Amino acid sequence: MAAGEPGAVEDGGRKGGLRTALGGLTTRGRSFLAAGLAAAVCAYVLGQGDLLRVGLLLAVLPLVCVTVLYRTRYRVTGTRRLSPSRVPAGAEARVHLRMENVSRLPTGLLMLQDRVPYVLGPRPRFVLDRVESGGRREVSYRVRSDLRGRYPLGPLQLRLSDPFGMCELTRSFSAYDTLVVIPRTVPLPALRLAGEASGYGDGRQRSLALAGEDDIIPRGYRHGDDLRRVHWRSTARHGELMVRREEQPQRARCTVLLDTRQIGYQGAGPDSAFEWAVSGAASALVHMLERGFAVRLLTDDGNAVPGEGTDGYAGSTQESADSAGLMLDTLAVVGHSDGGGLSRAHDVLRGGNEGLLIAFFGDLDEEQTAVAARMRQRAGAGVAFVLDSAAWAGDESATGAADDRLRRLRESGWTAVPVEPGDELPELWQLAGGMRTDTPSAPSGGPNGFSGGWS
């Protein structure tokens, strides 16, 4: 049931069939029926009339309960509301259920059960007392998941029971909701990036608009244009009324690159290297949107999300909150790719200067390190957070190869930051922002033995 959209269940009548109603006999009802039949057989064999009456009473009671429950007609509507419908991993969401009896008859005892995936917790069950005609009942429960994803909630099930507990019938609503568990995001320190213009950031551009500085290229007059903007020299040259076009600053661009190659990460679960990279990418894109950048999320297979607008950047045509929500919804379900390289992402970046590039890389071999180095040439500035599989797996024998890859990235202009298990992104972000920009190589003596910068 979508929030605010009522669902209805009509119980009784011919909907389930008598055979289905008999299948709803509880253990108590089946025991009464079996005992009554056994007593009736014994009474017939022994010729005991009193025992026969007792047996008939025991056998008839559950059948009467089935018939009454089968023929009783209830109309019950229900709504489900998620608060909120999008939560970070590890946070709780509350689900509110509202049931209303829209029939003319009061209901009996109702047992309410909502179906939820096992990762969200135990299946919630509620017992509702008699609901009068036109009455309503509200209940709520909490769900929580440490794993990001999209989880269906529902359909909601109602279980009807007679006063003696002899029979139970289950009816289901048809609608369901979806809870989106997005990656964890952490606030990042506001750093002045190299080359950043005040209020816009690195690579400030300009675009045509209805207010701003004059552009020397005129355009044809359109109904409603201010006559004070008429460009008379161009009007005389073209023989038609021409007005001056104008321009205004455009948001600086930032691309957040997430390496999802399965061979680049080891392990699984909420504390794995891949989940750290996904959470880091989510934190970076939210931070850059808040800084006023137009942000694009790019994966190693070359897919840019959400891809709204002609330029593929979020935030340029939408509010930052909406843009962040779209990309976080995508990161909620992103998984490992089967690709073995970063060439497709490099092809997307080949078009020219794409402004700031923030990358989260998994394990890089020599070939992929070379591809990543060429990516830096297509960006105004580049920051790479490199997660080494050996370190996350506890293997210290491959640290030399990891250091060599970091050195090659820094020589190509990247501000390369190694990520080890237990590292927090805000500290690494602060470290990257504080690196010197006049030394592209990695001399010793810097923080953690490396240097670089937002170039």
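Three strands make up an open sheet with mixed pairing, in the order 3-11-8. Its edge strands, strand 3 and strand 8 (149-153), each pair on one side only; two strands pair if DSSP finds at least two bridges between them. Strands (E, at least two residues) and helices (H or I, at least four) are DSSP runs, numbered from the N terminus. This is a predicted model: local features need pLDDT of at least 70, side-chain atom pairs count only at pLDDT 80 or more, and totals for chains, interfaces and linings use all residues. Residues are numbered from 1 along each chain as its sequence is written, and side-chain values use heavy atoms, with hydrogens and water left out.

Select strand 3 and strand 11: they run parallel, joined by three bridges. Val87 stands opposite Val181 in strand 11.

On a 1 Å grid over the protein atoms alone, a cavity is a set of points where a 1.4 Å probe fits but cannot get out, a pocket is an open set with protein on both sides within 12 Å along at least five of seven lines, and lining residues have an atom within 4 Å of a point. The largest cavity has a volume of about 30 Å³, as the space filled by probe spheres set on points joined across faces, edges and corners.

Next, select Arg184, Pro270, Glu275, Trp276 and Ser279, which lie nearest the centre of the second largest pocket, lined by 19 residues. Helix 5 (residues 273-290) gives the largest share of that lining, five residues. The space in this pocket is about 380 Å³.
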